[in-house]
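Subject: Structure for you to look at

Hello,

Here is the structure I promised you. Please open it and keep it beside this email as you read.

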Amino acid sequence: MRKLLTAFILFFSLLSVTLHAQQIKGRVIDKTTSEPLPFANIVVLDNNTAATGTVTDADGNFALASEAETKNIKISYLGYITKDTIASRSTFNTIMLAQDANLLDEVVIKATRKIFKMENGGISTDVANSPLSSLGTANDVLEKLPFVVKDGDALSVLGKGTPLIYINNRLVRNANELERLSSTNIKKVTVITNPGPEYDATVSAVIRIEATRPPGEGLGGEVFGKLDFRNKLSSTTSVDLNYRINNLDIFGYYWYNDNRRKVENYLERLLETDQQATNVIGDGVEMHHYENHYAEGGLNYMFNENHSIGGKYIYETSPKTNINLDLPTRVYINNTLADELCSTSLFEMDSRSHLLNAYYTGSLATWLKVQLDFDYASGDSKNRQTSLTTRTDEETVATRSLQDYDLYAAKLTLTTPVWGSELKYGIEYSRTTNEQNYIVDDNEGAEDLESNTNLSKQKLFAAFANYSRSINKWAFSLGARFENVNFDYFENANRVDEQSRTYNDFFPTASISYQGEKIQMMLGYRATISRPSYYQLRNGIQFDDPYTYETGNPYLKPTKVSDISYSLLWRDVKFMASYKIYSNRTLFVPQQYKDMNIVLYRPENLKNSQNLSVSAYYSPRFGIWKPTVGMGVSKDFLAYTAVRKEKFDDPYLFYSFQNTFELPAGFVLMADIQGRTKGHSALMYMYDNFSLNMRLTKKFFNDKLILNLQGQDVLGTSKSKYGMNVYPVTSLADKKNDTQAVILSVRYKFNATRSKYKGESASEAERGRL
């Protein structure tokens with residue numbers, strides 16, 4: 001493996017040196033803020049006459065072919081003083097332009113800017129020059145973007161699933177990071193639907209947020225507060241501070257959330273066997289109370305434009321997470337009332353995690369940029385469930401689930417210009433240990449429950465390379481990723497050979513795109529993998545209620561996906577289609593537990609299935625009104641044949657109608673409708689849903705103070721109703737999830753310096769499994 005790794009790096013390094021010895025490289029930046037200047041004009045002068053030239057890319061970088069050691073060049077950019085200088089082949093040329101105050105005072109530009117653009121394997125949105133900049137937070141912006149769906153607090157990309165989210169190349173590890181980023185500080189957002197091989201093979205979509213880093217020395221920060229009025233009052237507060245002196249940033253962040261919810265449940269489940277039909281009907285209430293703390297601190301230092309280092313520590317804890325469930329239940333056997341009981345369950349969860357991230361990023365040579373990241377993560381959780389069932393006598397079941405894990409990871413990414421374009425390549429390594437203990441303290445009325453322990457150990461090595469090139473209006477990208485995974489599984493301290501495996505997988509990716517004046521489009525292919533979570537691999541039987549158990553499946557295999565996608569931008573129309581082919585798709589399947597009238601839910605692999613997802617959006621503008629109409633369809637091609645052949649392929653439609661009104665005095669009003677029709681999602685049959693959300697936003701004191709008033713599910717029509725019909729079990733759940741709410745948020749920022757931390761992640765997918 002070491003020889004393969006050495007040869008891999010040496011080959012690409014030698015190739016890069018050979019191909020790029022004849023190029024002048026550099027970057028154009030703002031002299032005051034050090035921000036890159038995209039699309040600046042670079043002209044090569046020959047006897048004071050323009051000979052050849054180029055423009056900088058979106059990051060301010062440029063490359064010029066040159067057989068001579070030096071070239072006289074002229075750099076110009078609207079609003080800046082034109083500069084003549086000498087660029088050298090032997091160094092990376094950082095060119096600083098000063099703003100032309102006189103010119104800026106005189107220039108008035110009236111034009112219609114394109115808000116949406118096809119780039120980087122996806123669609124970018126110019127947030128800074130749209131009403132989206134007034135929404136409040138990054139979370140608010142993302143849920144407004146085409147092809148992005150927000151369900152509760154979870155974000156997903158249509159047809160792609162849960163995305164990785166980056167802010168200025170830094171991985172977002174917690175949803176509250178999106179709450180702390182003000183929409184006024186966002187320049188653009190790119191939704192990448194065909195990620196390159198530098199991302200983990202589990203990644204199907206990426207959202208990259210490009211935020212401004214305002215200049216300024218000294219102490220700066222933001223204070224945020226939110227009150228959530230629904231059945232119970234919830235609150236969120238945060239403080240974000242940064243102290244900058246010269247090239248050093250010291251930063252800290254604290255976030256606290258106290259969340260209370262009420263959920264009304266109606267549950268019905270029928271278990272049919274040759275002997276009898278058992279119908280269990282429950283109608284009760286859940287009360288949720290979550291208390292979460294998130295603290296982050298660190299520093300970063302920029303030696304110059306070419307070299308930066310940093311490190312940070314993150315601590316998360318949920319010391320108070322309680323769920324109280326009261327569920328009066330009636331049990332019918334062969335349509336005759338056989339049992340009446342009340343199950344009262346208390347779920348108490350306590351978790352904490354630690355993460356240490358360190359990075360170096362810089363240009364070691366004119367032909368080599370380096371990003372090196374290290375992660376160490378550890379954590380533990382303690383979950384206790386106490387269930388009291390009242391029949392003639394009281395029966396108590398008390399169990400505990402304990403988890404401990406630690407993770408070490410490193411990732412090296414190298415970038416080299418090749419033939420006027422870019423080659424990105426690198427390696428990753430991670431080592432994970434995860435132990436789970438299931439302890440039965442009391443099993444009165446559930447004598448089959450037993451304590452057990454399982455331990456998982458995994459080592460992952462990956463190597464990747466991706467080459468991208470643009471030719472006129474066409475862009476091409478081709479890459480591959482190789483992963484070697486050694487997984488060992490231990491049950492009650494004994495290694496289980498059948499469940500311990502070694503995987504060697506190869507994941508290709510490719511895309512071709514066209515950017516014309518009126519039409520932009522992209523066709524892409526990506527192979528991905530989804531490894532089961534460590535919780536899914538557990539081997540113990542978990543008690544839910546007297547008639548429902550859960551378990552894991554240590555024999556689960558990873559799910560492999562081949563994804564073909566197509567995107568189109570034409571005027572105000574945006575279109576995307578995705579076709580996925582699954583191998584060993586993981587499904588949560590109900591079955592009879594032994595010969596008892598108890599249902600056991602267990603994850604299993606389905607050998608083959610497919611999904612087709614198609615969506616389109618239309619975004620015109622009429623004066624102060626900017627509507628966006630979206631509609632799409634999703635259809636699974638899935639059959640489950642474990643007992644009898646059953647198809648789960650009813651398509652469902654989803655739709656949205658977003659309305660933004662830019663009102664006088666700086667007010668922004670939004671009214672959004674979203675919903676879906678009936679249809680299958682995997683084995684689940686989802687019923688129709690509809691909701692109306694409204695928002696009023698106002699900025700004060702030169703955008704330092706932002707007030708947001710929201711009404712969620714204004715009409716109270718949102719519901720979570722779904723069913724499953726997998727022989728011998730038929731089930732229905734109808735939940736009212738306390739979605740109707742009034743939310744008031746306040747954000748105030750002062751001396752808005754932001755950290756220039758450039759650390760990414762070496763372990764995003766593996767941490768997600770934990």
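What share of the 770 residues in the chain is buried? Buried residues make up 50% of them. Keep in mind that this is a predicted model.

**The chain as a whole**

The chain has 46 strands and 5 helices. Now take the contacts between residues at least 6 apart in sequence. Of these, 65% join residues at least 24 apart.

**How confident is the prediction?**

The average pLDDT of the chain is 84. A score of at least 70 is reached by 89% of the residues. Where is confidence lowest, and where is it highest? Helix H1, residues 2–20, is lowest, with a mean of 44. Strand E41, residues 684–686, is highest, at 95.

Two stretches call for care. Residues 1–21 have a pLDDT below 50. Beyond near neighbours in sequence, this stretch makes 29 contacts in the model. Residues 103–112 also stay under 50. There the model has 4 contacts beyond four places in sequence. Where pLDDT is low, predicted coordinates should not be read in detail.

Start with E21, which covers residues 336–365. E21 pairs with E22, residues 368–390, in the antiparallel sense. The pair has 23 bridges. One of them links Asn357 to Asp375 in E22. A hairpin of 2 residues leads from E21 to E22.

E22 also pairs with E23, residues 394–418. These two run antiparallel as well, joined by 22 bridges. Here Ser381 has Gln403 in E23 as its bridge partner.

Now zoom in on Ser343, which sits in E21. Is Ser343 buried or exposed? Its relative accessibility is 6%, so Ser343 counts as buried; the cut-off for buried is under 20%. Leaving out residues up to four places away in sequence, Ser343 touches Leu325, Asp326, Leu327, Leu388, Thr389 and Pro546.

**The nonpolar cores**

How many residues does the largest nonpolar core have? It has 24. Leu142, Leu178, Val189, Ile207 and Ile209 have the most contacts inside it.

Pick out Ile209 and look around it. Beyond four places in sequence, Ile209 is in contact with residues including Ala138, Leu142, Ile165, Leu178, Leu181, Ile186 and Val189. Tyr166, Asn168 and Lys188 are also among the contacts of Ile209.

Another core lies apart from the largest one. This other core has 14 residues, among them Val28, Phe62, Leu64 and Ile75.

Finally, go to E34, residues 599–618, and E35, residues 625–637. They pair in the antiparallel sense over 9 bridges. Val614 is bridged to Val633 in E35. E34 and E35 form a hairpin, with 6 residues between them. In that turn, Gly623 has a positive phi of about 65°.

E35 has another pairing, with E38, residues 652–662. That pairing is antiparallel too and has 10 bridges. Find Pro627, and you will see its bridge partner in E38, Asn659.

Best wishes

Terms used: Residues numbered from 1 in each chain as written. Predicted model: local features only at pLDDT ≥ 70, side-chain atom pairs only at ≥ 80, totals over all residues. Heavy atoms only, no water. Helix = DSSP H or I, 4+ residues; strand = E, 2+ residues; numbered from the N terminus. Buried < 20%, exposed > 50% of the residue type's maximum accessible area, 1.4 Å probe, protein only. Contact = heavy atoms within 4.5 Å. Pairing = 2+ DSSP bridges. Core = buried A, V, L, I, M, F, W, Y, C linked by side-chain atoms within 4.5 Å. pLDDT = per-residue confidence, 0-100.
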